[in-house]
Amino acid sequence: MIRIKCPYCGERDHSEFTYGSDASIEYPNLESNAKDWTEAIFFRKNIYGKQIETWHHTNGCRLWLIIERCTITHKIFSIKPAHPEIHKLLKNQNNI
Amino acid sequence: MTAKRLKDYGKVNQDKILSFTWENKKYFGYKGDSLAASLLANNINIIGRSFKYHRPRGIMSAGVEESGALVTIGKNEYTDPNVRATSQELYEGLIASGQNAFPNVNFDLGYINNYLSRFFAAGFYYKTFMGLPPFEWGKGTKIWMIYEKLIRKAAGMGKASKMPDPDKYEHANEFCDVLIIGSGPSGIAAAVEAANNNLDVILVEQDHVIGGNLLSNSNFDFEEKKYFLQKAGIKVMTRTTAFGLYDNCVAGMIERVNDHFFLPKNNTPRQRFWTIRSKHIILSTGSLERHIAFNNNDIPGVMTVNAARHYLNRYGVLAGEKIIICTNNDSVFETSILLSKAGAKVKVFDIREKIDENTIKKLNTNNVEIEFNKAPLNIQGNKKVESIDIGIKVGNKYKKVNEEECDLVLISGGWSPVIHLLSHRGIKPKWDKENLCFLPSQSSEPITVAGSAAGIWNNDDCEASGIASGLKAANEIGIKTSDYFFPKQGGWKNPIFPLFEIKSNRSRSKSFIDFQHDVTSDDIRLAHREGFVSVEHLKRYTTLGMANDQGKMGNIIGLSIMADLLQKEISEVGTTVFRPPYTPISIGALAGRNVNKHFRPLRVTPLHDWNLENGAKMIETGLYQRPWYYPKNNEKLADAYIREASSVRKTVGLCDVTSLGKISIQGPDSTIFLNKVYSNAFAKLPINKARYGIMLRDDGLVMDDGTSWRLSENEYFMTTSTAHAAKVMLWLEELLQTRWQNLKVHVTSVSEEWAAVSIAGPKSRDTLSLCVEDPNLISNDNLPFMGLTQTKLNNGIPCRIARISFSGELAFEIYTPSDFAYNMMNILWESAKKFDGCLYGLEALGALRIEKGHVTGAELDGRVTIEDVELGKMASDKKSYIGSAMQKRGVLADKDRETLVGIFPRNKSQTFDAGTIICKKNEIKGYGIGRITSVTYSPGLGHWIGLGFIKGGYTEWKNTIVVGADPVRNKEIDLEIVSPHMFDPKGERLHG
């Protein structure tokens with residue numbers, strides 16, 4: 001079982017979380033055309049190794065997190081809230 | 001075998017006598033016995049019959065690796081098949097019986113298979129069931145079918161009860177710094193060392209007492225040791241098997257809480273499933289003694305050497321009087337002396353040419369004879385060992401030189417470290433040529449292997465490796481300790497000699513490798529001849545290592561024979577991957593309390609009790625219990641929903657719609673946010689107005705629909721469909737936190753906070769007028785279609801009312817805080833009754849919306865676009881929103897897409913079903929040209945109607961008869977395609 005250290009709640013089982021997707025994707029503007037959107041939502045890499053991804057603490061604080069994880073070993077390298085303001089706030093509070 | 005109990009031996013309590021039943025006869029044993037020990041002491045040789053050949057089998061070991069003494073414990077619903085008698089604790093009243101035998105294990109008619117064994121070789125099932133040679137005769141005939149059933153019945157092990165499991169199980173969780181698996185010498189040493197370094201330690205042991213192999217020493221006191229460990233602050237969990245290792249040092253364990261009682265005590269569960277989360281794991285899982293393959297090596301009375309030592313020093317049972325020991329290594333000498341001292345006549349045959357003089361002297365002074373260069377060839381005897389043929393090695397062959405009379409044959413073919421748990425982590429073991437075993441490789445995870453599991457054979461070195469492991473764990477967790485050193489692997493005075501199989505000179509031999517599945521060395525050769533040479537193929541073709549012992553005793557012999565045939569090293573052949581569980585676990589334990597009503601969570605609305613009190617029949621929609629219909633005078637569903645829907649059209653009806661998802665959207669950018677999320681315009685929605693909205697996904701398909709109400713400048717109240725409530729909430733959070741981080745919006749799920757009732761029908765305003773403080777507020781002028789108001793019911797209950805209609809009638813949705821739901825419903829119902837109103841459930845709700853062509857989850861199934869459901873006109877073309885770029889891409893813009901239509905039967909008296917495929921007349925094939933998603937009887941129209949999708953839509957098919965084909969239910973019916981707005985197409989009723 002992957003254990004994920006939620007910046008708000010602490011270390012929890014991955015069963016509390018929902019996997020989102022590849023966090024390195026930059027979604028186009030809503031005004032962008034279908035080609036750009038197709039690129040973003042259909043053409044994705046199946047990464048072997050370190051991947052940046054989003055996770056949602058669904059059964060917890062409901063923060064969306066950016067996690068760096070190895071897809072082979074499940075080793076987690078870093079975790080931070082996806083929202084920069086929340087990240088700043090928690091950093092100041094926890095001194096992390 | 002003539003075993004006897006010795007008074008001065010063993011650690012069982014010989015003053016506490018327990019009675020038990022074996023094969024319907026009563027026997028006695030002692031407290032602390034395993035069932036196998038008691039059976040042995042009672043001289044019961046035949047415990048079961050083998051899988052294919054029905055050969056008699058006895059006790060072959062003293063632990064979890066047992067593959068002979070598998071028994072069924074309990075009876076009726078408490079039946080537990082395939083239990084290893086060697087690890088089943090004896091208790092008062094235990095009922096056990098043998099397996100795979102008729103009429104009984106002593107006399108089994110199935111033994112005839114032993115003489116037909118030529119036919120039952122490896123691959124037998126594949127060949128017979130596929131009609132391959134030599135079984136090509138009669139393929140496809142009736143005899144074949146019967147014969148197949150008979151074979152399936154003849155093979156096998158214990159039979160499970162077909163009754164529901166009466167036992168209770170539970171799940172539990174625990175955390176620790178260091179988890180130590182196995183309480184042998186290295187495990188105990190590691191636990192003490194880790195605890196001394198202030199670590200939180202759990203020590204688990206599958207047996208009911210701690211000690212592991214220490215239990216086979218006469219001077220080991222397990223109770224004293226356990227007390228000592230607990231005093232040191234160590235949590236000692238006995239009767240607990242760590243069956244699997246997972247990521248991040250998480251272990252799955254089963255604690256057998258009550259398997260040593262006749263019935264569970266004090267409402268405790270039978271077994272407990274533990275999830276342990278640790279920082280470091282020490283595997284002190286020990287090692288298992290191997291057999292050697294030779295002819296008839298499965299006759300009752302053959303066991304491992306170390307097993308005999310356990311029976312002697314742990315249980316006080318001397319397993320035989322005339323004992324022959326066959327070995328290729330040093331581990332047997334201490335045991336042979338112990339057995340000799342206990343009164344047995346012991347003779348050792350060692351395949352090696354010589355060993356050190358000291359050992360020989362020691363053996364001789366203890367009356368143990370030893371001969372070298374000799375190996376077992378064949379066992380004589382049918383139901384028990386009578387004598388053994390011994391051969392001398394001449395070149396590569398063996399020549400029979402003597403026949404020794406005996407009642408017990410002990411074998412040691414070397415030791416295999418228990419590396420299963422490490423294998424669960426994907427770590428491949430390495431073959432060690434010196435010690436002839438697979439040794440654990442280094443793991444990148446914080447897992448340390450200690451003791452004989454790491455290939456360390458002598459006791460002192462095992463303890464030293466335990467201490468080193470404890471220190472290593474402490475160090476890695478971040479506690480500074482002294483330096484530590486792991487002792488070298490091995491530790492025998494004389495090197496082990498490779499002896500896996502003694503090939504028989506006979507054409508047909510029975511030298512078993514996997515006793516549980518009756519896999520012989522000849523089967524390995526057959527697999528090789530037929531090309532199944534990779535270990536993974538070998539396993540599946542011969543079933544080697546696939547029984548419930550998972551090859552603990554025999555796998556390596558099989559691998560060595562294959563290596564030999566391929567003229568390769570064992571290291572090149574490799575080994576199969578071990579997967580959890582290490583030993584069999586009950587499915588009940590995995591399920592825990594999540595059975596029956598607790599199988600999944602139950603969601604009820606705050607009106608649940610009210611609905612039941614008023615006669616509702618409930619239906620599950622997702623996790624929610626919703627009113628299905630409210631039968632009057634024993635009405636059936638069909639009558640009830642038609643009456644309810646008619647009443648709504650005629651007067652008024654009330655329906656609990658609390659299960660809809662509700663989300664509070666607050667913040668200065670709420671309007672911008674909704675305008676981006678919904679496909680239709682939200683930028684100019686006035687305060688106190690609601691709007692129906694459709695959300696798309698990134699890929700342009702419809703995600704969900706619902707209404708959003710503007711409560712104030714910066715606050716909205718969104719409703720979603722019941723099914724997608726959680727998904728929409730997650731989606732909004734994702735957008736705000738990961739994509740549109742500068743929007744000042746906060747979303748909160750308030751689904752549980754608000755109760756909701758729909759009031760629909762021409763009399764709905766009259767009904768509601770009697771209930772609200774100020775009826776003026778809900779007049780047509782003050783509350784027009786899609787208007788909303790926040791007010792109070794006339795008993796002071798705060799509420800939100802919106803004029804929203806799903807049924808096509810004049811209708812309102814009224815929301816109160818959940819605590820007031822019951823009260824609200826009482827007031828509304830009292831009033832509705834005055835207008836001859838009704839309560840209606842989900843079935844009538846469905847009928848009403850289908851008549852209107854309103855879509856729900858049945859239509860919005862994740863495959864449709866907004867155009868497909870004929871709502872394209874609602875989508876704004878003046879703004880960009882989620883999905884706007886993608887909704888008209890390629891295939892989604894196809895003119896020929898299936899679009900929403902209404903469906904009538906051509907013959908109005910006919911019915912049809914959802915799931916029916918729509919085809920062109922006389923062209924019933926493939927996917928057809930459309931499908932039917934929802935059907936109902938329409939009280940408004942007086943016949944069955946449906947909603948569905950058809951290529952090209954209504955305009956294409958409006959005057960053509962098509963066919964509804966339902967091949968599953970064998971129905972075909974002519975259909976008429978109509979506009980989806982089947983009832984009141986102009987929507988006049990909406991305005992009352």
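Visitor: Which residues of α23(B) are buried?
Guide: In this predicted model, the buried ones in α23(B) are L842(B), E843(B), A844(B), L845(B), A847(B), L848(B), I850(B), E851(B) and K852(B). Buried means 20 or more other C-beta atoms within 10 Å of the residue's own; 12 or fewer is exposed, in between is partly exposed, and C-beta atoms are placed from the backbone. Helix α23 of chain B covers residues 842-852, and nine of its eleven residues are buried. Helices (H or I, at least four residues) and strands (E, at least two) are DSSP runs, numbered from the N terminus.

Visitor: What do the buried residues of α23(B) pack against?
Guide: In chain B, they pack against strands β34 (617-621), β35 (624-629), β36 (653-656), β49 (930-938) and β50 (943-951), plus helix α18 (637-650). Contact means C-beta atoms, placed from the backbone, within 7 Å.

Visitor: And what follows α23(B)?
Guide: G853(B), with a positive phi near 75°.

Visitor: Switching to α9(B). Buried or in the open?
Guide: Helix α9 of chain B (residues 357-365) lies largely in the open, because zero of its nine residues are buried. Just after α9(B), N367(B) has a positive phi of about 65°.

Visitor: Now α12(B). At what angle does α12(B) pack with α13(B)?
Guide: About 120°, with the axes 10 Å apart. Axes are lines fitted to C-alpha atoms, for helices over the stretch in contact; angles run from 0 to 180 degrees between N-to-C directions. The two helices are therefore oblique to each other. Under 35 degrees is roughly parallel, over 145 roughly antiparallel, 65 to 115 roughly perpendicular, and the rest oblique.

Visitor: Which residues make that contact?
Guide: D523(B), I524(B) and A527(B) from α12(B); L538(B), Y541(B) and T542(B) from α13(B).

Visitor: How does α12(B) cross α14(B)?
Guide: Helix α12 (residues 521-529) and helix α14 (residues 555-565), both of chain B, have axes that come within 10 Å and cross at roughly 40°. That makes α12(B) oblique to α14(B). S521(B), I524(B), R525(B) and H528(B) of α12(B) meet G558(B), I561(B), M562(B) and L565(B) of α14(B).

Visitor: Which residues touch the most other members of the largest nonpolar core?
Guide: V677(B), L732(B), V757(B), I759(B), M824(B) and A844(B), out of 110 residues. A nonpolar core is a set of buried Ala, Val, Leu, Ile, Met, Phe, Trp, Tyr and Cys residues joined through C-beta atoms within 7 Å. α20(B) gives the most to this core, with seven residues. Apart from it lies another core of 94 residues, including A122(B) and I388(B).

Visitor: What touches M824(B)?
Guide: Leaving aside neighbours within four places in sequence, M824(B) contacts A755(B), V757(B), L793(B), I797(B), C799(B) and T816(B).

Visitor: How many residues from each chain are in the contact between chain B and chain A?
Guide: 22 residues from chain B and 22 residues from chain A. On the chain B side, helix α20 (residues 725-739) gives the most, with six residues.

Visitor: Last one. How many helices and strands in chain B?
Guide: 24 helices and 52 strands. Of its 992 residues, 52% count as buried.

Notes. Residues numbered from 1 in each chain as written. Chains lettered and ligands numbered in written order. Predicted model: local features only at pLDDT ≥ 70, side-chain atom pairs only at ≥ 80, totals over all residues. Contact = placed C-beta atoms within 7 Å.
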